[in-house]
Amino acid sequence: MASASSGSYEASPASTAPSTSSEASSLNTTPVTAPEKPPDDTSKLKMFLGILRKFIGVADIASVRFSLPAQLLEPTPNLEYWNYLDQPNTFVAIGDSDDEFDRMLEVLRFWFTKDLKYVTGKPCKPYNSTLGEFFRCNWVVEDNAPAIPALKIQSGSSASSIKSAKDTPSVSRHASSSTIPKMDGSAPAKPAKPVKVSYLTEQTSHHPPVSAFYVDCPEKGLTARGFDQISAKFTGTSIKVTPGEHNLGIFVTLAKRDNEQYQLTHPAAHLGGLFKGSLNVTVGDQCYVTCEKTKIKTILHYKEEGWLGKTQNKVEGLVFRYDPENDNKTMIRDVPDKDILAKIQGNWKEKVYFSLAPKFDTQMVIIDLSPLSVAPKILPPPETQLPNESIKFWSGVTEAINTRQFSRATNLKHELEERQRAKAKEREESGTIWQPRFFTGAVTPLGKPELTEDGKEAINGLHQGKFELKENEFLGA
């Protein structure tokens, strides 16, 4: 599923303590009042549904300016919450195999873990990102994912755990000790080795709302990048979320495999249960994972509901040889039997299996999602965060929501939104075109954002544990 650069409901794992204090908020001046009674889930749904009814027939509510009251929000910045590294140890395992087919399976294992928020959490609404806002973090994980050839020999799983680095500056609220299942029995275990993954994202455009992201793991020669943008439409009974025009998916590059590149596109998702009082996320669409260099492609078909209307969460797919010069296979039924390498099937919230051509007689687990949770982020120390860095920027609102001072939180949020509008008016009057700091273009190059010198400095600093950055010369809010 595409992540949201602004304004949509997403699934959230249970929050723990905030990752940083709110003392740095420049807007935290509103008098403190007594805690207010928070609305229950049913009341929240009624409020949200009342707002949504105003947008029936609107082509894309994600591009419309509207503000939600603080009591409907999860006290989390959008850029902090949304990323595709819910289980980063599946990411660092990409490219381990010398076999090109196995490497596709490594990419698929990452794919099925990237949206654990949908699997383990309840739908929620983070803060809308503001122009120029940015977020950065690290993950330190064990590079101990079972090798794909071992999975072919034996399929088994057990929960294992990782330890956070002792010298980490700060840990995000969305934390878990779960890691991907290891092999049982005689399959040799890969020696555990801590690997650091660094992440940088920036809100590069406000109209349309677009953010760029960059993931870097120098030890493994891995990078991932893309633009996040969604289109959302309220149908009257649910919200359909699809990738926006600038969102061409996730581009993963394997430097140690002759710059092999994989493009992973996002399927459409639905937020349902608005009238039942129990929100749920379903997926009913097709998506693709392609690698031009190896000429291997995967089609994944997510099935939304059964004939009785019960959610299945089923996914099926094919891994096959294709011609990049004539890429006309978009449906599973289009693929000739002679080109098929493997079949994929399972439940994307539980277990996903693969079976090898030509007999497809043995199902092997590619990933078991049941023991997994969202991995912890390692954040820059509060004193090194800039005013437009997500956690510091929203700290006053976050503190107010966490202390149940919703009126105060709504006022602080309104001040931030008004500041952004004032800055936009100033740029319009002076004829100034907004330029992102860490990425070369707001929505360019097409689908694959590139880092500026400041962006490279920020990523390298994360990897070296050097978090100090100069403040922005221009602010969007």
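**View 1. Strand β7, covered on both faces.** In this predicted model, Leu222, Ala224, Gly226 and Asp228 on one side of β7 and Thr223, Arg225 and Phe227 on the other are all buried (buried means under 20% relative accessible area, with a 1.4 Å probe and protein chains only). That makes 7 of 7 residues in β7 (residues 222-228); strands here are DSSP runs of E, at least two residues, numbered from the N terminus. In a regular strand the side chains alternate between the two faces of the sheet.

**View 2. The partners of β7.** β6 (residues 210-217) runs antiparallel to β7, joined by 7 bridges, and Tyr214 sits opposite Arg225. Two strands count as paired if DSSP finds at least two bridges between them. The β6-β7 hairpin has 4 residues between its strands, and Gly221 takes a positive phi near 65 degrees. β10 (residues 250-254) is also antiparallel to β7, through 4 bridges, with Thr253 as the bridge partner of Thr223.

**View 3. An open sheet of 4 strands.** The order is β8-β9-β12-β13, with antiparallel pairing. β8 (230-234) and β13 (280-283) are the edge strands, each pairing on one side only. Inside the sheet, β9 and β12 share 3 bridges, and Lys240 stands opposite His270.

**View 4. Helix α8, largely enclosed.** Because 6 of its 8 residues are buried, α8 (residues 395-402) is largely enclosed by the rest of the structure; helices are DSSP runs of H or I, at least four residues. Among the buried ones are Val397 and Ile401. The buried residues pack against α7 (390-393) and α9 (406-430), with contact meaning heavy atoms within 4.5 Å. Arg404, which follows α8, has a positive phi near 60 degrees.

**Notes.** Residues are numbered from 1 along each chain as its sequence is written, and side-chain values use heavy atoms, leaving out hydrogens and water. Local features need pLDDT of at least 70 and side-chain atom pairs count only at pLDDT 80 or more, while totals for chains, interfaces and linings use all residues.

Technical notes:
Buried < 20%, exposed > 50% of the residue type's maximum accessible area, 1.4 Å probe, protein only.
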